[in-house]
Amino acid sequence: MDSQKTAPRPLPDFKPPAEPLEIPAYLHDTYWWAYEHPKAPGFWDHGFMINFILLGNYNRLVRAVLEEFPDGISGDMLQVSCAYGRLTPSLEEALTEGGHLDVIDILPTQLDTVRKKLKHVDDKVRLIQCDATALNCPDNSYDHVLMFFLPHEVPEKERRMAMSEAIRVTKPGGRIIFVEFTNPGFHPFRLYERLVFLLFEPFAVDMWRHELTYWFPEGHNCITLNHETYFGHFFQKLVVQKPSDSH
Ligand SMILES: C[S@@+](CC[C@H](N)C(=O)[O-])C[C@H]1O[C@@H](n2cnc3c(N)ncnc32)[C@H](O)[C@@H]1O
């Protein structure tokens, strides 16, 4: 009888920070109330709150991510920054036998909030403190990379760096999935959202000005596999593939 087991696949070589990371000024100054304040998760991390912020579209947008994995998530996946709600637990549930998920965030509070919702931390899912603009892992590490509403929250320079890093760590032929705001045109909620951006999310209006690929690094050569919009062109999902022949 063949009792040999196949050796476990080595996980991406993601190194935790050698010393505590500095919280970026934009995050501390602009979003302290949303993510950094110790009471922020208790206040915001409820289905109705997130649905309110996303105008009733939260579940639909999480589903939009999962639809990219009709057979479950296999291989290695990276979620670049935490999100409130059920996104990460849903990704965990969608992992196949050999599937693995790494979640990074710069704020330990956010990682702790996600940790409480997961069943397989340190086994099928790793939570790692890291800055999205400087991912501490080798090139070509992941089969799938997800950015769920991160680009609109960071200033242009950091957005470009984070996107460049996401592409760098994706394996050739792997996919990067973005879920974000997009220019809603003459949408009934346009003025409302513009006011929200003015008051609370100063970098988000950039999402109305450019396609997400505008912030990709020069010569990226990524191929668009899927681009869909939701809620009357208010939100978008963009799925790109890193060329198989890239290094
Ligand atoms: C993904 S975004 C927004 C998600 C969405 N608003 C929600 O919570 O459903 C929020 C997260 O991004 C994290 N973040 C912001 N800048 C970051 C950076 N440079 N590196 C890693 N995480 C970052 C914040 O700490 C926060 O946890």
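Student: How many bridges join strand S2 (residues 100-105) to S3?

Tutor: The model is predicted, so local features need pLDDT of at least 70 and side-chain atom pairs pLDDT 80 or more, whereas totals for chains, interfaces and linings use all residues. Residue numbers start from 1 along each chain as its sequence is written.

S2 and S3 run parallel and are joined by 5 bridges; pairing requires at least two bridges found by DSSP. Asp105 stands opposite Gln129 in S3. Helix H6 (residues 108-115) packs on the sheet here, touching S2 and S3, and its direction makes about 165 degrees with that of S3. Contact means C-beta atoms, placed from the backbone, within 7 Å; angles, from 0 to 180 degrees, are taken between N-to-C directions of axes fitted to C-alpha atoms, for helices over the stretch in contact. Helices (H or I, at least four residues) and strands (E, at least two) are DSSP runs numbered from the N terminus.

The open sheet has 7 strands in the order S3-S2-S1-S4-S5-S7-S6, with mixed pairing. From one strand to the next, the twist averages 15 degrees.

Helix H5 (residues 87-94) also belongs to this picture: its buried residues pack against S2, H6 and S3, among other elements. Leu87, Thr88, Leu91 and Glu92 are buried in H5, that is, 20 or more other C-beta atoms lie within 10 Å of their own. They lie on the same side of H5, because they cover an arc of only 140 degrees around the axis, the arc being that of the directions from the helix axis to the C-beta atoms.

Conventions
Two residues are in contact if their C-beta atoms, placed from the backbone, lie within 7 Å. A residue is buried if 20 or more other C-beta atoms lie within 10 Å of its own, exposed if 12 or fewer, and partly exposed in between; C-beta atoms are placed from the backbone.
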